[in-house]
Amino acid sequence: MLGAMGFSFLKPFHSIADTDEKETVFYCTWSKGVEGASAILVEEGILVRKGSKVRPNEVPSLSAGKKKLRAKLREDGIIVDNVFQVDYLFSSYSSASDVVCGFAKNGWVSWMTEDGVTIDQYLNGLINQKI
């Protein structure tokens, strides 16, 4: 019944890249030189990986909804001592970066590969390859 309602538990996540290549990993941090979070893109959104770090505090201007989400993830044991304990799916790239950084960030440009390619650039590149 939950599956019919849009909940996708007990199903494997699928990378959006439809090639046999190694998954492309994206990174997000709140300050230069600080180890932050890593994630992969999946059909359902962005999967922040277990072991990813989050900024310990948030700025006052962070939306109430994102503050509540950060608190809930801590309360549920998903984030402990500012580290994700499990892989966690976000449906929005920006929601993921907001939770990681503790302030509002555009997820399309704040998540980058090791080479500095943003999600926006990466996805546009995939689309252009298929045209």
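These are my notebook entries on a predicted model of one chain.

**Ground rules**

I number residues from 1 along each chain as its sequence is written. Since this is a predicted model, local features need pLDDT of at least 70 and side-chain atom pairs count only at pLDDT 80 or more, while totals for chains, interfaces and linings use all residues; side-chain values use heavy atoms, with hydrogens and water left out.

**Entry 1: the overall layout**

I started with the elements, taking helices (H or I, at least four residues) and strands (E, at least two) as DSSP runs numbered from the N terminus. I get four helices and six strands, and from the N terminus on they run β-β-β-α-β-β-β-α-α-α.

Next came burial: buried means under 20% relative accessible area, exposed over 50%, and partly exposed in between, with a 1.4 Å probe and protein chains only. Of the 131 residues, 34% count as buried. For the accessible surface I have about 8100 Å², with 53% of that belonging to carbon and sulfur atoms. Those areas come from the Shrake-Rupley method with a 1.4 Å probe, and for residues only the protein chains shown count as cover.

I also looked up contacts (heavy atoms within 4.5 Å). Taking those between residues at least 6 apart in sequence, 59% join residues at least 24 apart.

**Entry 2: the largest nonpolar core**

A nonpolar core here is a set of buried Ala, Val, Leu, Ile, Met, Phe, Trp, Tyr and Cys residues joined through side-chain atoms within 4.5 Å. Which members of the largest one touch the most other members? Ile 46, Phe 84 and Trp 111 do, out of 23 residues. Two or more residues each come from E1, strand E2 (37-42), strand E3 (45-48), H2 and helix H4 (119-130). H2 gives the largest share, five residues. In soluble globular proteins, nonpolar side chains tend to be buried together.

I then listed the contacts of Ile 46, leaving aside neighbours within four places in sequence. Among them are Ala 39, Ile 40 and Leu 41, then Tyr 88, Leu 89 and Phe 90, and also Trp 111 and Ile 119.

**Entry 3: Asp 98**

Asp 98 sits in helix H2 (residues 93-101). Buried or exposed? Asp 98 is buried, because its relative accessibility is 8%. Skipping neighbours within four places in sequence, I find Asp 98 in contact with Leu 62, Lys 66, Arg 70, Phe 103, Ala 104 and Lys 105.

**Entry 4: the second largest pocket**

A pocket is an open set of points on a 1 Å grid over the protein atoms alone, with protein on both sides within 12 Å along at least five of seven lines, where a 1.4 Å probe fits; lining residues have an atom within 4 Å of a point.

Which elements each supply at least two residues of the lining? Strand E1 (25-28) and helix H3 (107-110) do. The lining includes Tyr 27, Cys 28, Lys 105, Val 109 and Met 112. By class I have six nonpolar, four polar and two charged residues.

Thr 113 is one of the lining residues, and its place is in the loop between H3 and H4. Thr 113 is buried, at 13% relative accessible area. Not counting residues up to four places away, Thr 113 touches Thr 24, Val 25, Phe 26 and Tyr 27.

**Entry 5: Trp 30**

Trp 30 lies in the loop between E1 and E2. Its contacts beyond four places in sequence include Glu 35, Lys 53, Arg 55, Pro 56, Val 100 and Phe 103. Trp 30 and Val 100 are 70 residues apart in sequence, yet 7.6 Å apart C-alpha to C-alpha.

I checked phi for both: Asp 81 is near 50° and Asn 82 near 65°, each a positive value in a residue other than glycine. Asp 81 is exposed at 71% relative accessibility, whereas Asn 82 is partly exposed at 23%.

Definitions and conventions
Ala, Val, Leu, Ile, Met, Phe, Trp, Tyr, Cys and Pro count as nonpolar, Asp, Glu, Lys and Arg as charged, and the others, Gly among them, as polar.
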